Amino acid sequence: MSAPVLGFIGLGVMGEPICRNMRVKSGFDMHVFDLDPAPAQRMREHGAQLAPSLADLAAKVDILFLSLPGGAQVEAVILGEDGILAHGRAGLVVVDMSTAPVVLTRDLAAKLAAKSIAFADAPVARTRQAAEEGSLSIMVGADDRIFAAIRPLLAHAASDITHCGGVGCGQVVKILNNMVLFETVVALSEALALGKAAGMDPALLFDTLSKGSADSFALRNHGVKAMLADAFPDGAFPTDYALKDVGYALDLAASCKIKVQGAELAKARMQKAKEAGFSDAYFPVLARVTDRV
C-alpha cells in the first residue's frame, strides 16, 4: 500500500508546528495552504509543497488536516465554492483539528459523507510549546476504521490520543475541557483578588494552594505564570478566542437543555475583559477585571 498524500490547511500558532511534525516525522508528501504566505514558505523549507488553492489541495490529497480559528472558518473551507465538498475526491479523509461547535461538526460530516468523504474531529489541547514538541493531547471523534487510519499521523504531533467516540465526540471533550479551564481561571482570579485584599502575599498564596486540594494545571500555569506576573501577552490564547470557545460550551448546553452557570459567569468575566480593551490579550487577563462591591 502506497503512502498517503497529506494536505494541511491553516498554519497558525498551532497548525504550523503540527504540520511540521507530521511532515518531518512521517516523510510523506505534504501539500499546504494558508492565507499568510510566511508559514507556508517555512513549511516549504521542510519539504512541503505549496498548493495554489483550496480546490487544488482538496482534489489531490488523501488525508486533509484542518487547523483553523473556529467553526465559521471550518464551514467556509468545507462548504465554500472552492472548498472541500465541491472539489474533494471520494475516499478523501478530512481531519478537523480546530475547535468547532458539535452540531456544526456533525452536520458537515453528514454532508461530506454524502460524497463518500470521511470526516474526523480531532481538536487539540495543551500549549504552543507542546505543539512544537509533538506532545499535544488530541481528542478524536471518528468511527473505528478512520481512527485507526489517522492515529499514526496524529502520533507525530501528540503524546496522548484519545478515541472519544463517534464524530463530534472529540469536540464535546475539547469544549468541556476548555469550559472547565475557563471556570477554574475565574475561580483563581477571585482567590487572587480576595487574598490580596485580605493582606496575603499573592505568590505565597498560590504556592500554598498548589500544595493542597486546590492544585491544578490552571493554577500552576495560568495562575502562577500569567496572573502573578500580570503578564498577558498578545499572541497567546486571546480573550476573543476564549469567548468563542465558551460560547460553544453554552450552545452545547442549550442543545442538551442543561444550564451551566459557571460557564455563564466565565463568559461574563471575559466579556468584561474584552470591553476593557483586552480582546487580544491572553485570556487570564480577566483577573484584571474582578468584580468589586
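**View 1. R126 in the loop between β7 and α7.** R126 sits in the loop that links β7 (124-125) to α7 (128-133); helices (H or I, at least four residues) and strands (E, at least two) are DSSP runs numbered from the N terminus. The model is predicted: local features need pLDDT of at least 70, side-chain atom pairs count only at pLDDT 80 or more, and totals for chains, interfaces and linings use all residues. Residues are numbered from 1 along each chain as its sequence is written, and side-chain values use heavy atoms, with hydrogens and water left out. The phi of R126 is near 95 degrees, a positive value in a residue other than glycine. Most residues other than glycine have a negative phi. With a relative accessibility of 43%, R126 counts as partly exposed; buried means under 20% relative accessible area, exposed over 50%, and partly exposed in between (1.4 Å probe, protein chains only).

**View 2. S137 in strand β8.** S137 belongs to strand β8, which covers residues 136-141. Its relative accessibility is 15%, so S137 counts as buried. Leaving out residues up to four places away in sequence, S137 touches P123, V124, A125, R126 and D160, where contact means heavy atoms within 4.5 Å.

**View 3. K257 in the loop between α12 and α13.** K257 is located between α12 (239-256) and α13 (261-275). K257 is not a glycine, yet has a positive phi of about 60 degrees. K257 counts as exposed, at 77% relative accessibility.

View 4. Zero disulfides are found in a search of the whole structure, a disulfide being a pair of cysteine sulfur atoms within 2.5 Å. For C169, the closest cysteine sulfur is in C164, 7.1 Å away, which is too far for a bond. C169 counts as partly exposed, with a relative accessibility of 21%. C19 is buried, and its relative accessible area is 0%.

**View 5. The protein chain as a setting for the close-ups.** The protein chain has 13 helices and nine strands. Its radius of gyration is 20 Å, close to the 19 Å from the globule rule for 293 residues, so the chain is as compact as a globular protein of that length; the radius is taken over C-alpha atoms, and the rule is 2.2 Å times the number of residues to the power 0.38. The C-alpha trace spans about 65 × 45 × 35 Å along its principal axes. Of the 293 residues, 49% count as buried.
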